[in-house]
Amino acid sequence: MINEKFFLPLPFRMKTRKKIVMKKLLLLITVSCLWTINATAVGVKPGSVKTLVDSCGFFPQLSHDGQWLLYSPTEGTSLMLKNLTTGVVTTVADKGYPGFDAIIGNDGKVYYVTQQRKKNGLVYRTGHCYDPATGKDKVVLKAQHGRVQPLQAAHGVVINGERQVYRSSKQVGSWAYTRGDVLYLVDGPGTVRALQPVKDSNGYLWAALSPDGTKVLFEAASKGLFVCDLNGEIIADLGEFLMPCWYNDDYIIAMSNAGNLRLNGSRIWLLSVNGEVYKPISDQDERAVQPMVAGNKVVYSVIYSGQVKQVELDMLPAAPQLLASGKGKTEKVKNAANKPDAPRVFINPGHGGHDSDDRHVPTWVIGEQDTLHYYESNSNLTKGLALKEILENKGYETAISRKTNTTEDDLDLFEIVSLAANSGADVFFSIHSNATGIEKRVNFPLGLYRGWDGKPAVEGSMKLSQLVMKHLYGNELAVWTNNQRSNGDWSFYDWGYKVGLGVLRFNKLPGFLSEGSFHDYLPERERLLNDTYCWLEAWNQSLGFDEYFGRKKQFKNGVIAGTVRWSDIPRYDEDTRQFAEDRLLPINGALLRLYNGRGALSRVYKVDNRDNGVYVFTNLEPDKYRLELYYGGENRYITTKVKANKNQTSYKNLKLSKDQKPKK
Ligand SMILES: [Zn+2]
């Protein structure tokens with residue numbers, strides 16, 4: 001309940017994730033409810049709860065005088081401003097996805113960013129300022145590639161771009177921001193300091209200087225919420241909370257981590273920097289998200305319904321900020337001007353950690369806690385890391401949501417969405433594989449973009465999905481039972497009106513989630529256990545990106561890949577649902593030698609012993625190659641020709657009869 005008053009003890013640090021987190025949380029709440037500690041009155045003012053917007057209000061921002069509420073409907077397609085005195089709602093902007101990261105500056109003006117997808121797939125972002133007093137809107141930061149973000153500075157507003165930065169006046173004072181796993185502090189004169197207060201994080205988010213300018217609040221993905229001093233020394237480790245903001249110099253408002261399981265865990269909390277107060281200020285069953293503070297008021301949204309609520313706290317807020325006078329100005333970011341506009345892909349290699357949301361399919365019994373069986377998290381990560389390397393070789397920039405496979409770095413979906421936005425990427429790409437979960441077996445690539453079938457919520461998403469799916473379906477090592485397809489997640493899942501996939505919610509980057517194949521189709525699972533097969537999927541994904549960004553001819557090398565099977569020995573498995581060539585036994589341990597056009601040995605590939613028959617030759621100079629198959633030592637059985645083409649995959653599936661004699 002909103003009015004409950006209790007403190008959570010210091011050990012309340014949500015260090016583990018998801019189910020464990022929520023179980024602990026509920027347990028601790030129950031335990032701490034039994035404690036009746038009466039301390040100084042900190043909490044929600046009785047009777048102060050108000051509903052400010054009835055539906056479709058997300059990322060609420062309250063003006064510092066409490067008169068104006070800024071919010072965004074579900075898809076970020078517009079930006080609405082409500083006059084809380086008159087109740088009149090004005091549309092500030094409705095083009096270029098202006099929603100989600102807009103703010104009302106301490107000068108009372110609305111600062112927001114629009115995005116525009118160019119013909120070459122690059123997303124350019126423009127900074128705007130809207131004055132509620134006059135209704136006038138102007139562009140204050142011209143379109144640029146990469147991240148552009150409005151931020152509150154000590155005495156003004158900054159629209160922070162990678163190439164150019166806008167300041168609402170000359171003396172905006174100091175401010176903080178994050179990029180990747182670096183925390184940047186900018187002081188009044190504009191000197192930038194880069195800090196890394198927490199090591200091995202998957203990226204920092206939501207940096208903010210305390211009202212007195214002495215401390216910095218930030219979230220380190222996979223590590224939790226922290227406060228550090230201006231030298232990056234950690235002052236407080238507050239546990240797993242998201243989207244924090246300062247209430248005053250000693251207290252913080254943040255939301256709890258709902259995990260990946262869409263549990264009833266989203267809640268707004270009051271935390272003290274000294275670690276003594278952990279107190280929920282939203283109702284337990286309300287599913288409150290996206291908090292923001294103005295004076296003694298906290299506003300937040302209710303997930304799905306999009307109600308915006310306001311509560312008042314019974315404690316002293318931060319002193320109002322002093323506003324710097326003078327005109328706004330734009331300046332170039334040092335060293336950034338000459339940086340070329342490379343396409344930028346945010347890669348999300350699915351869910352991680354070998355736990356309950358992972359889709360584990362045992363193939364051999366190796367033992368308890370074994371991580372070598374088929375886990376979706378393993379192949380997703382292998383594909384993701386391969387894609388990162390392939391795209392970087394091709395001249396792309398990338399950012400990735402995880403590089404290891406642990407429970408800790410299995411990030412909250414909203415964290416992933418926020419990291420993607422903060423990366424300034426042109427596209428968002430989530431890598432998975434699929435399962436029917438039933439006896440029937442199928443295998444085909446499925447792309448899911450946010451929106452209805454044929455009507456993506458973010459322009460460009462369907463096109464990208466279709467291009468990548470086309471290249472995945474072209475993989476001749478797989479046996480496909482159905483054609484590839486791309487669907488809108490709202491149409492595909494019957495989870496309720498516009499619910500869809502969590503990792504696409506509040507995500508306005510063009511993008512989609514790829515279910516590359518079905519890992520519960522047994523022969524496909526055996527292929528996915530082979531790292532070069534995962535590499536091949538990533539390579540084929542990259543061909544889709546190349547097409548999307550108009551870069552089909554920008555990479556020189558090609559790939560030769562195929563399978564080796566016995567033409568007359570049937571495959572035996574406990575699961576006998578197999579289709580077409582998958583009915584034939586793969587040739588474990590076969591050796592493939594590849595000779596270039598001059599007859600020199602170029603590569604050797606040894607087929608593994610995991611019943612997949614996969615071979616892949618990566619990064620080959622375009623040439624006419626000779627391919628030889630050996631089996632049982634130095635016995636050569638097949639010699640064939642295959643051409644590697646510039647930025648393409650050439651397929652060559654080979655079959656050997658058990659009666660075949662080796663060549664001389
Ligand atoms: Zn998955």
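Two strands count as paired if DSSP finds at least two bridges between them. Strand E33 and strand E37 meet that description: they pair in the antiparallel sense over three bridges, and Leu 446 stands opposite Glu 515 in E37. The model is a predicted one.

**The chain as a whole**

The chain has 664 residues, and buried residues make up 60% of them. Its secondary structure comes to seven helices and 46 strands. Among contacts between residues at least 6 apart in sequence, 60% join residues at least 24 apart. The chain exposes about 26,800 Å², of which carbon and sulfur atoms supply 51%.

**The zinc site**

The zinc ion has protein donors from His 351 (NE2), Glu 376 (two OE entries) and His 432 (ND1), at 2.1 to 2.7 Å from the ion. The angles among the four donor atoms run from 51 to 147°, and the site is irregular. A tetrahedral site would need all angles between 85 and 135 degrees. In sequence, the donor residues follow the spacing H-x24-E-x55-H. The two histidines link distant parts of the chain, being 81 residues apart: His 351 lies in the loop between strand E28 (344-348) and strand E29 (360-361), while His 432 belongs to strand E32 (residues 427-434).

Why do these histidines count as buried? The limit is a relative accessible area under 20%. His 351 is buried because its relative accessible area is 15%. His 432 also counts as buried, because its relative accessibility is 8%.

E32 is mostly covered, with eight of its eight residues buried. Val 427, Phe 429, Ile 431 and Ser 433 point one way from E32, whereas Phe 428, Ser 430, His 432 and Asn 434 point the other way.

E32 pairs with E28 and with E37. The pairing of E28 and E32 is parallel, over four bridges, and the bridge partner of Asn 348 in E32 is Ser 430. E32 and E37 are also paired in the parallel sense, over six bridges. There, the bridge partner of His 432 in E37 is Glu 515.

**Strand E33**

E33 spans residues 446-449; Leu 446 and Leu 448 point one way, Gly 447 and Tyr 449 point the other way, and all are buried.

| Strands | Sense | Bridges |
|---|---|---|
| E28 and E32 | parallel | four bridges |
| E32 and E37 | parallel | six bridges |
| E33 and E37 | antiparallel | three bridges |

**An open sheet of four strands**

Another part of the chain holds an open sheet of four strands in the order E41-E40-E43-E44, with antiparallel pairing. Strand E41 (601-606) and strand E44 (636-644) stand at the edges with a single partner strand each, so one side of each has no neighbour in the sheet. From one strand to the next the twist averages 20°. Five bridges join strand E40 (residues 591-595) to E41. Within this pair, Leu 591 has Lys 606 in E41 as its bridge partner.

How values were computed: Residues are numbered from 1 along each chain as its sequence is written. This is a predicted model: local features need pLDDT of at least 70, side-chain atom pairs count only at pLDDT 80 or more; totals for chains, interfaces and linings use all residues. Side-chain values use heavy atoms; hydrogens and water are left out. Buried means under 20% relative accessible area, exposed over 50%, partly exposed in between (1.4 Å probe, protein chains only). Contact means heavy atoms within 4.5 Å. Accessible areas come from the Shrake-Rupley method with a 1.4 Å probe; for residues, only the protein chains shown count as cover. Donors are N, O and S atoms within 2.8 Å of the metal (3.2 Å for Na, K and Ca); water is not among the atoms, so sites may look incomplete. Four donors count as tetrahedral if all angles lie between 85 and 135 degrees; four count as square planar and six as octahedral if opposite donors are over 155 degrees apart and all others between 65 and 115; anything else is irregular. Axes are lines fitted to C-alpha atoms, for helices over the stretch in contact, and angles run from 0 to 180 degrees between N-to-C directions.
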